[in-house]
Amino acid sequence: MASHSPSVLTEAQRAQLTCIPDDLPDRDIARFYTLSPDDIVFIRQHRRNVNRLGIAVQLCVLRYPGRTLMTLPAVPVRVLRAIAQQLGIAPTAFVSYGERRTTCYEHLDAIQAHYGYRTLTWQDARAAMRAIFPQAQANAQALPLVEAALQQLRDRRIIAPGITVVERMVWSVQRVATRSVERLLVRSLGDAQRERLDALLVVSSERTGKRRGSIPLTWLREPSGDPSGNQLLESLQRLAHFHVLELPTLPPSLHRSRWRQLAREAAQYRPYPLRELLPRTRYALLLAHLTDLYEERVDTTLAMFDQVFVELVRKLKASQHEALAAHSQQVHEQLSVLAQAGAAFLQAAERGQDPVRAVFGVVSEETLRATVTAVVGPVRALPREYLDLLAGPFAYQRKALLAVPRVITLEPVQQRTAALKAFAHIAALALHRQRVTAVSQRIGAQTFIAPLGHITDRWRRHTLQGNTIQPAYYEAAACEALRAELRSGMVAVASSRRYRAFGHYLLPRAQWRALKLAGETGLALDGDARGYLDAQEQAIHEALQNLQRDLDQIPGLSLDKHGQLHLSRLEPAVPPAAVKLNRRIYARVPRVDLPDLLLEVMRGTDFLDHFTHLQTGIPLDGAAALPLLAAIMGNGLNLGLRQLENASSFSYQELSWALDWFVREETLRAALITLDNTVLRHPFSRSWSTGTRSSSDGLRIQLGVQAANADYNAEHLHHSRGLNLYMHTADAGPPFNVEVTGINDSEAYYIIDALCHHETDLEIERHATDTGGVSEHVFALCALLGFRFTPRIKDVLSRSLVTLGPKQDYGPLTQLIGGRIRRSIIVDHWDEARHIAASIKHGAASATTLMRRLGATPRKAGVARALTGIGQIERTGFTVAYLRDETMQRQVQVSLNRGEAANGLARALLFGRRGVFRDRALIDQTHRASCLLILMAAIAVWNTTYLADAVAAMRAEGEDVPDELLVHLSPMGWGHINLLGRYQFRQASPWDLQQRRPLRKNGEEQDEDDENR
């Protein structure tokens, strides 16, 4: 261990590891500082209370944090009190301990002799380094490794040396582990593969095409544009280039997290710096990066295949509508003439008159002949359905759509599917430069029989005329069938993340059985299916009976004269006094510039320490951290780096370097957790929050560039493309999760993951959404996982309820019941449903991925139907409770209002570029959305602190501030925050969350146009 080895921790991290935190949780105090009966016997062997308490503290701190008392700066009062209470000694006795320094060392020698503690030797150091070596191979971050090394020393009863010694140990392990991982990756590369990897980093030798004069790696990294046939072909060309590289698969022994770390690190390098690295390092980084990039490209390409076909259908429907609209006036006039002639003909026939004379008496022969001649053309030309118009538009997309199965390896999960058979037939004929034109085609000596399993009734009329096949319709039907099979999981792609076999995402069967046997599934519904169904049958029956009995007494629920039920809309329940109080409180909050606010929150929470360098794992300190803070702010405000450079004192290079090397998914998540927890732990947040309720809602964002995940939505964006920021907001105030989704994606897919894996101190029990987040599968998974799903459903009375028992008469409520649940479906697939829920609970699978598959699964699939049945049961129970309980309705409304308030703040912050995103890559869009949440959470932290001060000041001045009105307060206000101007990050500012700004005077009111008050 060379003395010149660099440090791997910051000063703040060293201080954290070499002291006992003042805010150590009670559970950890009980865990680390509980004395055993043997400990107490040993302690009582010493005379005088001061010595007993002193040696007890020495023993405890040797156990955690593993250091001697003499090297610790202090022992927190809470820890001292917990130890003293077990001995029946006053904590004040510790004040005089250590006056005689020799006593401390004598007690330390006694503990070492009795308990076997010893100082570190080189053999101990080597053993600890070997123990943490596997972890270093899986994760190169320094702080977890230092913590693991210290834990190894504590487990072996070795007194921890100085922190710099441990740092040198970890640095040595990191170097060896990095070399080991690089050798593991490079070992499988041949000379030809290394040459191809090197060729990626130099200018392409191609003399024509889009890649002429470009560097191949740069071309491979380029994000795709808007979904189109040309973009799909471009994406397929990139995938084909990956195939030419013939890269080996990653070694199974390489931990996935280390692979992702290497891939992220390589993604930050431009081609020229990569060329300057040592060959072993260069090849390892490229192999990890290209493998990760290939999986991402496969998913993007398959998603684009789906979107191109959907866009094709949309255009066909629009063309049909335009054709009908263009001829509507002419056809209306012609039909009027024909209607008159037909009516005259029928009337004459009824009266026994000459029909011909009667017709010509109403419409002249010349007019009738001209009308019949004119109407024949448009009637034949007008499409009866949108598929009539397919042939022309499909020709433009055909090449790209048919190339997808040729470039991407598609595998049937169980048996060869209809779509794969059709594409194999299309490919076989293409080898002979033929298209599918007949059920049976003879080419040379071979006869090709066209598989027709993918031809549904909707396609049959257009595709088949006897033995003849219309090739465009045959191929388009195959594309639609493949799209459905990919979504449902009938076809899998091994090199994808989103389209692998369904079982790949679930907990291994052996692990699932072990969890059940140990009773550690973590599920709320842990009994058998029959018990659950019996309980629900009884509960639904009693709830319907009670609702029928009390129907006349339930506010808002009424029965009209036709026997139809109506639920009136809730009136706003926020008292005017609460609105006025809200304004008065915010009028006391100081005005602040956004950079100053962020600096003060940074000093008060250290959230910026979570942004560690991708390679070294060390965060920035002092003035060096300010460009990073500015970059996070600029990203969250949707400002470009060039614009932020002009508005701040930092250069473009400083800002882009900070974003590239410190801002990534895990650092953003850790910082957000710290900020959210700060709000949750603040005593004043309990004035409006219990920390048990949350809601989610989408924020539609327009995209100003071509992007693969952009889509049209006329309702929200008119004729522009865009995406959706789906945010989860706690009742405490700040959002705790955001997902960048397609603007037409179902919001229901993104609810469960955030509830299960938010990692904050929130203990969510109830979650609310609007109608866009409602699905039977969300109801089912929430019930299985222990959440109460309480959505606000539009036209809730139009949704059919279900029962489980025999058919019964519930009076006016009977009209709401749409059927009975088949118990056998749920019983037969109960274990599978719980297996899916447990896989989500234990982090083995993404609920978003599983719910997409389940939502697209054919109706006959058992587990999807079982989850739908459970969801219908849970929705019925919720609906009946919702109809009779106005308090529940208002709680749902309050939760959604908090989400809308968060959306309002988000809109105010996203003022840069007029709120239009200009990021093409999904990762860049996600980082921008996460930086936005960092800003929102920081504002919530700052506001909560000053709202508490404002209320305390108002009460000290004799003002009446009722607690029942504070429940309507929100920490998401922004009228007092200056978001515009030149951004000065002044490190010398005297203010932070401890040394706070003076409140505004009582008479200083807010401007009338201040929002969200």
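## Stop 1: a loop with a cis bond

Select Pro65, which is placed in the loop between α4 and α5. Helices here are DSSP runs of H or I with at least four residues, strands are runs of E with at least two, and both are numbered from the N terminus. The peptide bond from Tyr64 to Pro65 is cis, with omega near 15 degrees.

Two notes before moving on. This is a predicted model, where local features need pLDDT of at least 70 and side-chain atom pairs count only at pLDDT 80 or more, while totals for chains, interfaces and linings use all residues. Residues are numbered from 1 along each chain as its sequence is written, and side-chain values use heavy atoms, with hydrogens and water left out.

## Stop 2: zoom out

Show the whole protein. Its C-alpha atoms fill a box of roughly 130 × 80 × 65 Å along the principal axes. The secondary structure comes to 39 helices and 18 strands. The protein has 1013 residues, and 52% of them count as buried. Buried means under 20% relative accessible area, exposed means over 50%, and partly exposed lies in between, using a 1.4 Å probe and protein chains only.

Which share of the contacts between residues at least 6 apart in sequence join residues at least 24 apart? The share is 77%. A contact means heavy atoms within 4.5 Å.

## Stop 3: ring pairs

A search of the whole structure finds 16 aromatic pairs. Rings of Phe, Tyr and Trp (its six-membered ring) pair if their centres lie within 6.5 Å; planes under 30 degrees apart are stacked, over 60 edge-to-face, and the rest tilted.

Select Phe32 and Tyr64. They form a stacked pair, 4.1 Å centre to centre, with 5 degrees between the planes. Phe32 lies in helix α2 (residues 26–32) and Tyr64 in the loop between α4 (49–63) and α5 (77–87), so the pair ties together parts that are 32 residues apart in sequence. Phe32 is buried, at 18% relative accessible area. Tyr64 is buried too, with a value of 18%.

Next, select Phe779 and Phe878. Their ring centres are 5.9 Å apart and their planes are at 45 degrees, so this pair is tilted. Phe779 belongs to helix α32 (residues 776–785) and Phe878 to helix α36 (residues 862–884), which puts them 99 residues apart.

## Stop 4: charges over rings

Select Arg63 and Tyr115. The charged end of Arg63 sits over the ring of Tyr115, 5.5 Å from its centre. To count, NZ of Lys or CZ of Arg must be within 6 Å of the ring centre and within 35 degrees of the ring normal. Then go to Arg282. Its charged end sits over the ring of Tyr283, 5.0 Å from the centre.

## Stop 5: two packed helices

Two packed helices are described by the angle between their axes and the distance between the axes. Colour α7 (residues 122–138) and α13 (residues 256–268): they pack at an angle of about 50 degrees, with axes 6 Å apart. Axes are lines fitted to C-alpha atoms, for helices over the stretch in contact, and angles run from 0 to 180 degrees between N-to-C directions. Where do the helices meet? Ala136, Gln137 and Ala138 in α7 meet Ser257, Arg258 and Gln261 in α13.

## Stop 6: an arginine in a loop

Select Arg500, in the loop between β6 (491–492) and α22 (509–518). Arg500 counts as buried, at 15% relative accessibility. Leaving out residues up to four places away in sequence, Arg500 touches Glu295, Ala492, Val493, Ala494, Tyr505 and Arg853.

## Stop 7: positive phi

Finish at Arg913, in the loop between α37 (886–909) and α38 (922–956). Its phi is near 55 degrees, a positive value in a residue other than glycine. Arg913 is partly exposed, at 29% relative accessible area. Now select Arg914, also found in the loop between α37 and α38. Arg914 has a positive phi of about 60 degrees, although it is not a glycine. Arg914 is exposed, with a relative accessible area of 83%.
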